[in-house]
Amino acid sequence: MNARWIEIAIGVLAIGYGIFTLYTRIRSPERLTKLASMKRVYGNKAGEIVHVIFYTIIPIVFGLILLISGILNANVFGN
């Protein structure tokens with residue numbers, strides 16, 4: 001089976017980024033400057049939700065899609 005290594009690599013990086021932001025939010029949220037900005041603009045709860053969606057959930061889902069498509073030799077990037 002032939003894998004598409006660029007999709008796998010980008011998928012792993014995206015998953016790693018999502019896990020890193022999740023870990024950082026739990027252990028030391030003061031290091032996440034965008035989280036503080038979003039809380040200031042949207043309020044505490046809404047800012048937290050927006051940050052979780054855009055910096056944790058979307059990168060992990062995107063990474064999983066790329067990882068699976070790379071393993072299955074699917075053409076995601078159109079080349």
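Of the 79 residues in this chain, 29% count as buried, where buried means under 20% relative accessible area, exposed means over 50%, and partly exposed is in between (1.4 Å probe, protein chains only). What you're looking at is a predicted model, so local features need pLDDT of at least 70 and side-chain atom pairs count only at pLDDT 80 or more, while totals for chains, interfaces and linings use all residues. Residues are numbered from 1 along each chain as its sequence is written, and side-chain values use heavy atoms, with hydrogens and water left out.

**Overall build**

- The chain has three helices and zero strands, which gives the pattern α-α-α when you read along the sequence. Helices (H or I, at least four residues) and strands (E, at least two) are DSSP runs, numbered from the N terminus.
- Along its principal axes, the C-alpha trace spans about 50 × 20 × 15 Å.
- The radius of gyration is 15 Å, whereas a compact globule of 79 residues would have one near 12 Å. This radius is taken over C-alpha atoms, and the globule rule is 2.2 Å times the number of residues to the power 0.38.
- Take the contacts between residues at least 6 apart in sequence: 66% of them join residues at least 24 apart. A contact means heavy atoms within 4.5 Å.

**Helix α1 and its cover**

- Helix α1 runs over residues 5-27, and its 23 residues should span 33 Å at 1.5 Å a residue; the end C-alpha atoms are 32 Å apart, which agrees. The expected span is 1.5 Å times one less than the number of residues.
- Which residues of α1 are buried? They are E7, I8, G11, A14, I15, G18, T21, T24 and R25.
- The cover over those buried residues includes α2 (33-42) and α3 (44-71).

**Salt bridges**

- How many salt bridges does the structure hold? There are three, each being a side-chain nitrogen of Lys or Arg within 4 Å of a carboxyl oxygen of Asp or Glu.
- R4 pairs up with E7, with the closest N and O atoms 3.3 Å apart. R4 is partly exposed at 22% relative accessibility, while E7 is buried at 0%.
- E48 and R25 meet in another salt bridge, at 3.5 Å from N to O. Because E48 lies in helix α3 and R25 in helix α1, this pair ties together parts that are 23 residues apart in sequence.
- Is R25 buried or exposed? R25 counts as buried, at 9% relative accessibility. Leaving aside residues up to four places away in sequence, R25 touches L32, L35, E48, H51, V52 and T56.
- E48 is partly exposed at 23% relative accessibility, and E48 also forms a salt bridge with K39 (3.3 Å, N to O). K39 is partly exposed too, with a relative accessible area of 28%.
- Shared partners join R25, K39 and E48 into one salt-bridge network.

**The surface**

- The chain's accessible surface comes to about 5,500 Å², and 69% of that belongs to carbon and sulfur atoms. Accessible areas come from the Shrake-Rupley method with a 1.4 Å probe; for residues, only the protein chains shown count as cover.
- I49, I53, F54, I57, I58, V61 and I65 form a nonpolar surface patch, with about 610 Å² of accessible area together. Patches are made of residues with over 30% relative accessible area and no salt bridge, with like charges joined within 9 Å and nonpolar side chains (Val, Leu, Ile, Met, Phe, Trp, Tyr) within 5 Å.
- One of the patch residues, I49, is found in helix α3. I49 is partly exposed, at 43% relative accessible area.
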